[in-house]
Amino acid sequence: MEAEDVNKVDILPDNDAAIGDKVQEKGSTNNKEAGWLMKKSRISGRWKKTWFMLHELELSYGTSEEILTKKILLDGAVIKEAVIKDRENCFSLKPKDQSRVYYLQANSQCDLSRWMQAICLAKISMPVNGDSQACILQ
């Protein structure tokens with residue numbers, strides 16, 4: 001795989017398969033994003049190509065489209081662009097009530113904007129306890 005393909009972002013139509021067998025569930029948002037991003041390991045500090053799938057208020061990730069083993073809960077999370085030495089197109093996610101901050105890198109400025117907007121739109125579109133969430137983009 002060439003370097004420019006590493007962080008390809010795909011916008012999935014409602015009928016594409018993703019997590020498990022279903023992407024579209026009753027009451028879900030039409031806003032979906034999936035693709036490769038670089039993720040910084042909190043233990044080693046190394047950057048690793050990781051597949052991400054945004055679905056409702058969860059950002060699932062894993063080693064491939066078929067193997068999504070972990071998730072980041074977006075309810076109350078803060079998303080912002082991150083300045084990281086020798087890296088471009090980075091953003092961070094800090095879930096509510098967690099000390100961990102996830103650092104992610106998109107392939108391009110366009111992909112960075114698309115991911116950040118998709119996460120923000122998911123937060124606004126999915127009411128929690130009947131209330132829509134404010135989106136904080138910093």
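Which residue stands opposite Leu 68 in β5? The answer, Gly 62, belongs to the strand pairings set out in the points below.

1. Basis of the note. This is a predicted model, in which local features need pLDDT of at least 70 and side-chain atom pairs count only at pLDDT 80 or more, while totals for chains, interfaces and linings use all residues. Residues are numbered from 1 along each chain as its sequence is written, and side-chain values use heavy atoms, with hydrogens and water left out.

2. Overall layout. The protein contains 8 strands and 1 helix, where helices (H or I, at least four residues) and strands (E, at least two) are DSSP runs numbered from the N terminus. Along the sequence the order is β-β-β-β-β-β-β-β-α. Of the 138 residues, 42% count as buried; buried means under 20% relative accessible area, exposed over 50%, and partly exposed in between, with a 1.4 Å probe and protein chains only.

3. Strands β2 and β3. These strands pair in the antiparallel sense over 8 bridges, pairing being assigned if DSSP finds at least two bridges between two strands. Met 38 stands opposite Lys 49 in β3. The two strands form a hairpin with 6 residues between them, and Gly 45 in the turn has a positive phi of about 80°. Because 7 of its 9 residues are buried, β3 is largely enclosed by the rest of the structure.

4. Strands β3 and β4. An antiparallel arrangement also holds for β3 and β4, which are joined by 5 bridges. Phe 52 faces Tyr 61 in β4 across this pairing, and His 55 stands opposite Glu 58 in β4. The hairpin of these strands has 2 residues between them, and in it Glu 56 takes a positive phi near 55°. β4 is mostly covered, with 4 of its 5 residues buried.

5. Strands β4 and β5. Here 5 bridges are found, again in the antiparallel sense. The hairpin that joins β4 to β5 runs through 5 residues. The opening question concerned this pairing, in which Gly 62 stands opposite Leu 68 in β5.

6. Aromatic pairs. The whole structure holds 3 aromatic pairs. Rings of Phe, Tyr and Trp (its six-membered ring) pair if their centres lie within 6.5 Å; planes under 30 degrees apart count as stacked, over 60 as edge-to-face, and the rest as tilted. The ring centres of Trp 36 and Trp 51 are 5.2 Å apart and their planes stand at 80°, so this pair is edge-to-face. It links distant parts of the chain, with Trp 36 in strand β2 and Trp 51 in strand β3, 15 residues apart. Both Trp 36 and Trp 51 are buried.

7. The tyrosine pair. Tyr 61 and Tyr 102 form an edge-to-face pair, 6.4 Å centre to centre with 70° between the planes. Tyr 61 lies in strand β4 and Tyr 102 in strand β8 (residues 102-105), so the pair ties together parts that are 41 residues apart in sequence. Both Tyr 61 and Tyr 102 are buried. Ring pairs link Phe 52, Tyr 61 and Tyr 102 into a cluster.

8. Charges over rings. A charge sits over a ring if NZ of Lys or CZ of Arg is within 6 Å of the ring centre and within 35 degrees of the ring normal. The charged end of Lys 49 sits over the ring of Trp 36, 4.3 Å from its centre. For Lys 40, the charged end sits over the ring of Tyr 103, 6.0 Å from its centre.

9. The largest pocket. A pocket is, on a 1 Å grid over the protein atoms alone, an open set of points where a 1.4 Å probe fits, with protein on both sides within 12 Å along at least five of seven lines; lining residues have an atom within 4 Å of a point. The largest pocket is lined by 15 residues, of which Lys 39, Lys 48, Thr 50, Tyr 61 and Lys 70 lie nearest its centre. Two or more lining residues come from each of β2 (33-40), β3 (47-55), β4 (58-62) and β5 (68-73). β3 gives the most, with 3 residues.
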